[in-house]
Amino acid sequence: MKKGLLALCIVALLFAFKEQKKITIYSIGDSTMCDYDQRYLDSFGGEGYPIRGWMQMMPRFFADQVTIHNMARSGRSSRSFKNEGWWQKVIDAVKPGDYMFIMFGPNDEKPDTLRHTDPQTTYRQYLVGYIKETRAKGGIPVLFTSITRRKFDKEGRVLPDTFEPYAEEVRKIAAEMKVPLVDLNVKSKALVQQYGPEASKKLYLYIEPGKFTKLPKGRKDDTHLSEAGAAEIARLAAEGLKELKLPVAKYLK
């Protein structure tokens with residue numbers, strides 16, 4: 001009887017230890033994904049300024065066993081993130097079993113030489129490099145297509161994004177290299193379409209005139225997310241991870 005009880009206790013302890021396994025997620029990308037610190041918020045009037053990156057909101061969807069290092073940086077493309085040294089800081093810290101969430105695109109289409117990439121050549125090369133280096137360290141890469149911009153036609157339909165060739169290349173790379181893909185571009189388009197031309201403004205950075213002294217005319221931004229919008233995109237990302245049935249999805253609330 002005592003031996004049986006002891007065995008049960010050992011099994012319970014082993015199970016509890018397994019359940020408490022720590023998971024680490026690194027994320028690299030641009031301003032729609034990154035964290036906005038207090039200094040940035042203060043520059044526009046303080047805590048009430050609503051801009052957020054969707055990865056900034058992901059901790060609320062994960063259990064405490066998951067640690068997120070959101071290394072996404074505003075204004076970066078797949079090229080500039082690496083060439084400015086940000087990637088080296090990330091990959092140096094990666095350990096076997098860590099996840100790497102990757103999302104670039106909109107800044108890659110910018111014309112300046114520091115950021116611009118071609119979807120089928122240089123953009124592909126940088127993404128493939130991130131994937132290979134992550135795998136070489138025993139990490140698990142996950143690709144995300146960039147979220148849609150809020151643009152409607154006269155009939156109220158969401159317009160295609162100018163960076164669509166980059167999103168399509170991400171899909172091709174994911175299929176070829178067997179990398180898990182969360183198609184946030186498709187998911188976010190459906191979300192914005194569901195909200196419609198007027199209500200979807202609450203998902204993006206629409207600031208009423210006079211609300212912040214440093215923005216007397218307000219702001220109309222169809223690219224960057226409000227706190228509500230970032231939370232919705234994070235929800236879609238969590239949904240995508242569940243659909244992929246990745247091991248990390250077990251830690252989603």
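Me: Which residues of H5 meet residues in H6, and what makes that a contact?

Reply: In H5 they are Pro-119, Gln-120, Tyr-123, Arg-124, Leu-127, Val-128, Ile-131, Lys-132 and Arg-135. In H6 they meet Pro-165, Tyr-166, Glu-169, Val-170, Lys-172, Ile-173, Glu-176 and Met-177. Contact means heavy atoms within 4.5 Å. This is a predicted model, where local features need pLDDT of at least 70 and side-chain atom pairs count only at pLDDT 80 or more, while totals for chains, interfaces and linings use all residues. Residues are numbered from 1 along each chain as its sequence is written, and side-chain values use heavy atoms, with hydrogens and water left out.

Me: Why are H5 and H6 called oblique to each other?

Reply: Their axes cross at roughly 40 degrees and come within 10 Å. Axes are lines fitted to C-alpha atoms, for helices over the stretch in contact, and angles run from 0 to 180 degrees between N-to-C directions. Under 35 degrees counts as roughly parallel, over 145 as roughly antiparallel, 65 to 115 as roughly perpendicular, and the rest as oblique. H5 and H6 are therefore oblique.

Me: What is the angle between H6 and S4, and which strands does H6 lie across?

Reply: H6 runs at about 150 degrees to S4 and lies across S4 and S5. Helices (H or I, at least four residues) and strands (E, at least two) are DSSP runs, numbered from the N terminus.

Me: How do you know that S4 and S5 pair?

Reply: Two strands pair if DSSP finds at least two bridges between them. Two bridges join S4 to S5, so the pair meets the rule. The two strands run parallel. Leu-143 has Leu-181 in S5 as its bridge partner.

Me: What is the order of the strands in the sheet, and why do S2 and S5 count as edges?

Reply: The open sheet has five strands in the order S2-S1-S3-S4-S5, with parallel pairing. S2 and S5 each have a single partner strand, so one side of each is left without a neighbour in the sheet. S1 (residues 23-29) pairs with S2 in the parallel sense over five bridges. There, Tyr-26 stands opposite His-69 in S2.

Me: What makes Arg-149 and Glu-109 a salt bridge?

Reply: A salt bridge is a side-chain nitrogen of Lys or Arg within 4 Å of a carboxyl oxygen of Asp or Glu. The distance here, N to O, is 3.4 Å, so the pair qualifies. Arg-149 is in the loop between S4 and H6, Glu-109 in the loop between S3 and H5, 40 residues apart.
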